[in-house]
Amino acid sequence: MNHRPIVYVVSDSVGETADLVVKAGASQFSGSGIEVRRIPYVEDRGTIDEVISLAKQVKAIIAFTLVIPEIRHYLIAQAKKSGVETVDIIGPILDKMGQLTNQEPRYEPGLVYRLDDAYFRKVEAIEFAVKYDDGRDPRGIMRADIVLIGVSRTSKTPLSQYLANKRLKVANVPLVPEVEPPEQLFKVSPKKCIGLKISPEKLNEIRSERLKSLGLKPEANYANVERIKQELAYSETIMNRIGCTVIDVSNKAVEETANLISNMFQK
């Protein structure tokens with residue numbers, strides 16, 4: 001019986017770093033079906049023994065970020081005895097940085113997630129994105145770092161949240177032909193505004209799937225091609241009137257668009 005390849009991600013903290021690294025590696029093996037199982041907050045030998053036993057049974061590998069030397073060395077030694085392959089993600093960089101700085105690491109798990117100014121700025125930005133989502137309060141336009149505008153289903157909300165995680169305060173405003181945009185949109189600096197455009201065909205596809213997920217007929221006016229073209233023409237008029245940067249999101253993932261925008265504002 002064939003089993004899906006498995007990677008156990010072991011960490012003495014949240015395990016997000018190792019998880020991201022492993023998933024990045026797995027993405028290079030499309031169709032392999034690699035399963036990533038995260039095991040966070042591992043601080044005792046008993047848990048390590050259990051993980052090694054499981055890994056041995058299913059012929060998995062263990063990728064880990066363990067900063068406490070005793071625990072890290074124990075995992076490596078026990079895994080070797082059991083014939084389980086391991087990947088030390090953080091150990092080598094700690095050793096090299098120690099040589100570079102001529103200092104000993106602090107060996108404290110989870111330091112990167114300690115509450116600091118950056119953390120609170122992120123929380124504030126996330127709360128801002130929720131409060132000023134979908135044009136519900138136009139006062140946020142003047143306070144935002146970035147203002148996203150576009151027709152419905154151009155990923156304004158997920159983009160706002162993604163950028164908020166980069167500590168950017170984002171307000172987004174939907175553009176609908178029958179609704180006059182808030183006056184603040186024409187008072188804020190055009191440099192803060194980003195227009196999101198999309199091809200009619202792609203938007204039709206997205207909206208049709210959205211209607212199906214809601215149990216509605218895909219023939220509704222919301223997904224009608226002529227209606228979509230009308231909305232897109234109107235949004236283009238507003239974007240030209242503002243004079244803002246416009247990004248075509250037709251073939252872009254949310255992460256790609258968000259990185260493009262954040263790079264623009266970091267510059």
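Let's begin with charge pairing: a search of the whole structure, which is a predicted model, turns up 16 salt bridges. Side chains of opposite charge can pair when their charged atoms come close.

Start with glutamate 180 and arginine 241, whose side chains meet in a salt bridge at 3.9 Å, N to O. This pair links distant parts of the chain, 61 residues apart: glutamate 180 sits in the loop between strand E6 (170-174) and strand E7 (193-197), while arginine 241 belongs to helix H9 (residues 225-242). Are the two partners buried or exposed? Glutamate 180 counts as exposed because its relative accessibility is 57%, and arginine 241 is exposed too, with a relative accessible area of 53%.

Now move along to glutamate 231, which forms a salt bridge with arginine 207 at 2.8 Å, N to O. Glutamate 231 lies in helix H9 and arginine 207 in helix H8 (residues 200-213), so this contact ties together parts that are 24 residues apart in sequence. Here the setting is buried: glutamate 231 has a relative accessible area of 6%, and arginine 207 has 0%.

Glutamate 231 has another partner, arginine 227, with a salt bridge of 2.9 Å, N to O. Both of these residues are in helix H9, 4 residues apart, or about one turn of the helix. Like glutamate 231, arginine 227 is buried. If you step back from the individual pairs, you will find Glu178, Arg207, Arg227 and Glu231 linked in a network of salt bridges.

Next, the cysteines. A disulfide is a covalent bond between the sulfur atoms of two cysteines. How many disulfides does the model hold? The count comes to 0. Cysteine 193 is in no disulfide, and the nearest cysteine sulfur, that of cysteine 244, is 5.6 Å away.

Technical notes. Residues numbered from 1 in each chain as written. Predicted model: local features only at pLDDT ≥ 70, side-chain atom pairs only at ≥ 80, totals over all residues. Heavy atoms only, no water. Disulfide = S-S within 2.5 Å. Salt bridge = Lys/Arg side-chain N within 4 Å of Asp/Glu carboxyl O. Helix = DSSP H or I, 4+ residues; strand = E, 2+ residues; numbered from the N terminus. Buried < 20%, exposed > 50% of the residue type's maximum accessible area, 1.4 Å probe, protein only.
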